[in-house]
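Subject: Structure handover

Hello,

Here is the structure I promised you. Please open it and keep it beside this email as you read.

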Amino acid sequence: MDFEFSKYTLSQTLHHHTAIVRSISCQGNLILTASSDKTAKLYVLEQGQYTLLTNVDFFDNYIYSTTTRPNGGFAIGCGNTIYLLDSQGNPDGALNGHDAQVCSLNSIDEHTLISGSWDATAIVWNNGVQQYRLKGHKHGVAVLGLDAQNYLTGSQDGVLRKWFGQNQVKEIKAHTDIIREIVVISDIGFLTCSNDETLKIWSMDLELIQELLGHTGYVFSCKYKSNILSGSDDRTAKIWGLGGQMFQNIQFPGTVWTVAYNNEDDIIVGCDDGRVRIFTYHHERNATQEQIDQFEQEAQLSEAQKTVQLSPDQLKNLPSTSQMSQMVGKKNGEIRLFKNGDKPEAYMWNGTEWTLMGDVLGSGQQQKRIFDGDKYFPAGEYDYIFDVEDDNGLQKRLPFNDGESHMAAAEKFCLREGYSKHYMQQIVNFLKQNTRNVQQQQQQYAQPQQKKQEYDYLPYTQYFLYENKNVEGLKKKLLEFNQQVTEYQLTEKDIIYFMKGVDQLLDPAQPKLDNTVSQVFMNKLFKWPNQFLLPVWDFLRIFNLHHSSETLYSGLDKGITIILDANRLIDLENQSPVFIRLILQTLTNCFYHNANQYSMLKYLSIFGDIIKTQAIQKCDEKTNIVVANLIMNYSIAIFQKPLFNEEAGLQLSQAIQNFLHLQRDQESLIKVVTAVGNLMLSKDIIRNQSLPILKPIILGLNIQTDNQDTLKCLQEVKRSVI
């Protein structure tokens, strides 16, 4: 096929699914589509058109993955199970072995299949029996089998791994976000796509050959057959050449979840509206012009609804629908906005008159959706109710109203579902991309006289973490000290459970540690004499990066025991600077997960007491830097959660004032100054508490450096306090 000669056109639309189409597999004249509606549909191509052959509806869970079987038939991943179907869609067996949703499948030969799951593993199956289990991934795993012994896997950490049997032989950091799909490019290598909005072509040795840029949303699916095909959350499917050139961009009414080529070189696309659309370059199989126009209008309207933001003045200046008869379109298909009363509407010129396409979002006339309500989101009408995919591949409902805080909604959602804090930014980004920023828009038009301040360095929102892990040394020191303590000594059973937990901290595939780990820590290790506590706090530093640590900062205690003990140990006379830094690093890592972070904010006043200790007032440069990192993390958390502690601005400002009372090194100084900038850009309640304390300090501050970034950042912070 010479793709440059002939572009693809809509051929057919299949309407049988009632929810998101998540996977499509093609074999011969058959295609299998699978959906979140808990069904799979098998179609047969006859006389250039697909007709429904079998409705496979015995599933009790969402279906996220499918693949063909070389000897005929298909495999389907539904929940934890892989179902085998014959070529007519009849059940032909099942494979059980995963602990979470099966999200990726690939047949290698008639005997061998590889599967990936949200349990962070891949399984190689031989004749229906588990042959290998490939571990070391993070959350969902995408898989590709090259032959019976060679495989590729990718997961949420963006790492692409190459395996021979059950042994990993190579890994590279291929993407900055989850790898969604891996496919073969014959005689060249491999193709990957990712939530980082890119596709990449790799050699057989996993050397990067080409990066394909052009999508503006998560790239969920990719395929290769003469050319590259991709589908994205930006509501497009794109066709690319191997050199990175984009041949065609097809706009859709919604998210494109899955793409495929059939044997006719047709493109098959599954979307979030439940429809499966077939595109062809065989013009004799094109859909009718009316069907093509309808599809293009739906896509254009969807794009208009997503992007149009109308101010009151813009709405006022729109021509009214009564003026339409006097206005002629420039060309067929032109879209124009008209005002019908106080509601903007989109119309298309059809050559003789303007045809209504639909209401335009941005007008405040959007149809509401009903949410039943729960502890965090009240029952009622919402502008949006999103289905958010969790770590098990299941979907959780997230209600949202235009004008609400993206961060607040993401935070409530994570609290309700028990998710770790690191998911919040992903949800915020999703909400920003898929909702209208009415709040920002209203502020813009409500206060036109106020010029918005633009900053390059503020706010700073990347938490500092101490992630180094010397687990073997830690275990050795704990066992050594356990022989020396006379009280709270670990039993043999304690040691087995606890050391297993320590090992699991290194394994990203471990979703949760046994509760025994936390119990042994708090009931025994934490009570050891001071001279034996260094490895105990080193464990806690590492443990704070694992979401199981949230149990230590929840309940009635809410972590106050740990924070108070940090203050006590730092304030001990002649305390080791190494131990002081370790304790501060442990507190710094508390900002990685929600419950831990809330504990730090709740007891922020104790951090103020820590700053006043002689150990901190007279600490060395290395300790200064750790304190500055901790201050920075506090400022980020306050900026993102300004209402959690009503005195947070005052308490952190006083701590900063006490820290800067003495001369500090340049690196620490600029970090603390940046933290001040975060407070200045926070909500008024925080800014008003902080400004009287910090303004004179910042305006009188000079940093002697040739680093232009440092000087520019200082100037931005000075501007923020005025």
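Below is what was found, starting with the whole protein and moving to single residues.

**Ground rules**

This is a predicted model, in which local features need pLDDT of at least 70 and side-chain atom pairs count only at pLDDT 80 or more, while totals for chains, interfaces and linings use all residues. Residues are numbered from 1 along each chain as its sequence is written, and side-chain values use heavy atoms, with hydrogens and water left out.

**The whole protein**

The protein has 19 helices and 35 strands. Both are DSSP runs, numbered from the N terminus: helices are H or I with at least four residues, strands are E with at least two. Of the 722 residues, 56% are buried. Buried means under 20% relative accessible area, exposed means over 50%, and partly exposed is in between (1.4 Å probe, protein chains only).

The accessible surface comes to about 31800 Å². Carbon and sulfur atoms hold 46% of that surface. Such areas come from the Shrake-Rupley method with a 1.4 Å probe; for residues, only the protein chains shown count as cover.

Now the contacts, meaning heavy atoms within 4.5 Å. Take those with a separation of 6 or more: 53% of them link residues 24 or more positions apart.

Start with the open sheet of 4 strands in the order 2-3-4-5. Its pairing is antiparallel. Two strands pair if DSSP finds at least two bridges between them. Strand 2 (21–27) and strand 5 (49–56) stand at the edges. Each has a single partner strand, so one side of each is left without a neighbour in the sheet. Neighbouring strands here are turned by 25° against each other on average, direction ignored. Axes for such angles are lines fitted to C-alpha atoms, for helices over the stretch in contact, and angles run from 0 to 180 degrees between N-to-C directions. Strand 2 pairs with strand 3 (residues 30–35) over 6 bridges, in the antiparallel sense. Ile24 stands opposite Thr33 in strand 3.

Another open sheet of 4 strands has the order 1-28-27-26, again with antiparallel pairing. Which strands stand at its edges? They are strand 1 (9–14) and strand 26 (256–261). Within this sheet, strand 27 (residues 267–271) and strand 28 (residues 276–280) pair over 4 bridges. Val269 faces Arg277 of strand 28 there.

Strand 16 (residues 159–164) and strand 17 (residues 167–173) run antiparallel and are joined by 6 bridges. Val159 has Lys173 as its bridge partner.

**Helices**

Helix 12 (residues 594–602) and helix 15 (residues 621–640) have axes that come within 11 Å and cross at roughly 100°. The two helices are therefore roughly perpendicular. Angles under 35 degrees count as roughly parallel, over 145 as roughly antiparallel, 65 to 115 as roughly perpendicular and the rest as oblique. Gln597, Met600 and Leu601 in helix 12 meet Leu630, Tyr634, Ala637 and Ile638 in helix 15.

In helix 8 (residues 515–523), the buried residues are Thr516, Val517, Ser518, Val520 and Phe521. Their cover includes helix 7 (492–504) and helix 9 (534–543).

Look next at Lys671, in helix 17 (residues 666–680). Is Lys671 buried or exposed? At 12% relative accessibility, Lys671 counts as buried. Beyond its neighbours within four places in sequence, Lys671 is in contact with Phe464, Ile625, Ala628, Asn629 and Met632.

Most residues other than glycine have a negative phi, and most peptide bonds are trans. Some spots here go the other way.

- Glu197 has a positive phi of about 75°. Glu197 lies in the loop between strand 19 (189–194) and strand 20 (199–203). At 30% relative accessibility, Glu197 is partly exposed.
- Asp265 has a positive phi near 65°. Asp265 lies in the loop between strand 26 and strand 27. At 14% relative accessibility, Asp265 is buried.
- Leu458 and Pro459 are joined by a cis peptide bond, with omega about -10°. Pro459 sits in the loop between helix 5 (438–446) and helix 6 (471–482).

Best wishes
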